[in-house]
Amino acid sequence: IIQGGLDLTLRRKCVEAMVERDLPGYAIGGLSGGESKDKFWRVVHLCAPSLPRHKPRYLMGVGYAVDLVVCVALGVDMFDCVYPTRTARFGVALVMSGSLPLKHKRFAADFGPIEEGCECPTCRQFTRAYLHLVVAREPPACHPVSIHNIAFQIQPL
């Protein structure tokens, strides 16, 4: 795992040491999510292109759609993050304009899909009104929202 926080000198040293070991793949870690996008992307911009292109380059714990797109452009191959599913557990769907808190009563009579034009199974099968009804009562009912949120995250890629 490439470490070093926001210190680019430490990151560079760690990258060099890890590449020298000729590992089967590399992870970029140590970014907490609390740093500014500029600092975060600067670290990824230093690390990812310095790692072998023919081996997996994995960025740990990153899951916001904009970060996925930018980090793929910077050379990252894989990600993991609880964001889309954790958000869904609270009955919140991710959409282009931000997020929809489906537990809110304004969705009780909204018979549209989570996101117009979304082709995920959830948007094809369920309305906002139905999801509003079930996510507030049954935690497992958040599963369709998780499916939508993951599809939403993957779409730009």
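Is Arg 128 buried or exposed? With a relative accessibility of 18%, Arg 128 counts as buried, where buried means under 20% relative accessible area, exposed means over 50%, and partly exposed covers the values in between (1.4 Å probe, protein chains only). The structure is a predicted model, in which local features need pLDDT of at least 70 and side-chain atom pairs count only at pLDDT 80 or more, while totals for chains, interfaces and linings use all residues. Residues are numbered from 1 along each chain as its sequence is written, and side-chain values use heavy atoms, with hydrogens and water left out.

The chain contains 7 helices and 5 strands, these being DSSP runs numbered from the N terminus, with helices (H or I) of at least four residues and strands (E) of at least two. Read from the N terminus, the order of the elements is α-β-α-β-α-β-α-β-β-α-α-α. The C-alpha trace spans about 60 × 30 × 25 Å along its principal axes, and 41% of the 157 residues count as buried. The chain exposes about 8,900 Å², of which carbon and sulfur atoms supply 59%; accessible areas come from the Shrake-Rupley method with a 1.4 Å probe, and for residues only the protein chains shown count as cover.

With regard to charge, the chain carries 18 positive and 14 negative side chains, and the centres of the two sets lie 4 Å apart. In this count Lys and Arg are positive and Asp and Glu negative, whereas His and the chain ends are not counted, and the place of a charge is taken as NZ of Lys, CZ of Arg, CG of Asp or CD of Glu. Side chains of opposite charge can pair when their charged atoms come close. The chain has 5 salt bridges, each defined as a side-chain nitrogen of Lys or Arg within 4 Å of a carboxyl oxygen of Asp or Glu.

One of these salt bridges joins Arg 128 to Asp 110, with an N to O distance of 2.9 Å. This pair links distant parts of the chain, since Arg 128 belongs to helix H6 and Asp 110 to the loop between strand E5 (98–101) and helix H5 (121–125), 18 residues apart. Asp 110, at 21% relative accessibility, counts as partly exposed. A salt bridge is also formed by Asp 77 and Arg 57 (3.3 Å, N to O). Because Asp 77 lies in the loop between H3 and strand E3 (78–79) and Arg 57 in strand E2 (residues 57–59), this pair ties together parts that are 20 residues apart in sequence. Asp 77 is partly exposed at 41% relative accessibility, whereas Arg 57 is buried at 5%. In the salt bridge between Arg 42 and Asp 38, the closest N and O atoms are 2.4 Å apart. Arg 42 and Asp 38 are separated by about one helical turn, because they stand 4 residues apart in helix H2 (residues 37–47). Arg 42 has a relative accessible area of 40% and is partly exposed, and Asp 38, with 46%, is partly exposed as well.

Arg 11, found in helix H1 (residues 8–20), is buried yet has no salt bridge, and the nearest side chain of opposite charge, that of Glu 35, is 7.1 Å away. When residues up to four places away in sequence are not counted, the residues touched by Arg 11 include Ile 2, Ile 28, Leu 31, Val 43 and Cys 47.

His 132 is located in helix H6 (residues 128–135) and is buried, with 14% relative accessibility. Beyond its neighbours within four places in sequence, His 132 is in contact with Leu 102, Lys 103, His 104, Lys 105, Phe 107 and Ala 108. Gln 153, in helix H7 (residues 143–154), is likewise buried, at 5% relative accessibility. Gln 153 and Leu 68 are 85 residues apart in sequence, and their C-alpha atoms are 8.1 Å apart.

At the surface, Val 69, Val 72 and Leu 157 form a nonpolar patch with about 240 Å² of accessible area together. Patches consist of residues with over 30% relative accessible area and no salt bridge, like charges being joined within 9 Å and nonpolar side chains (Val, Leu, Ile, Met, Phe, Trp, Tyr) within 5 Å. Val 69 is found in helix H3 (residues 65–73) and, at 37% relative accessibility, counts as partly exposed.

Conventions
Contact = heavy atoms within 4.5 Å.
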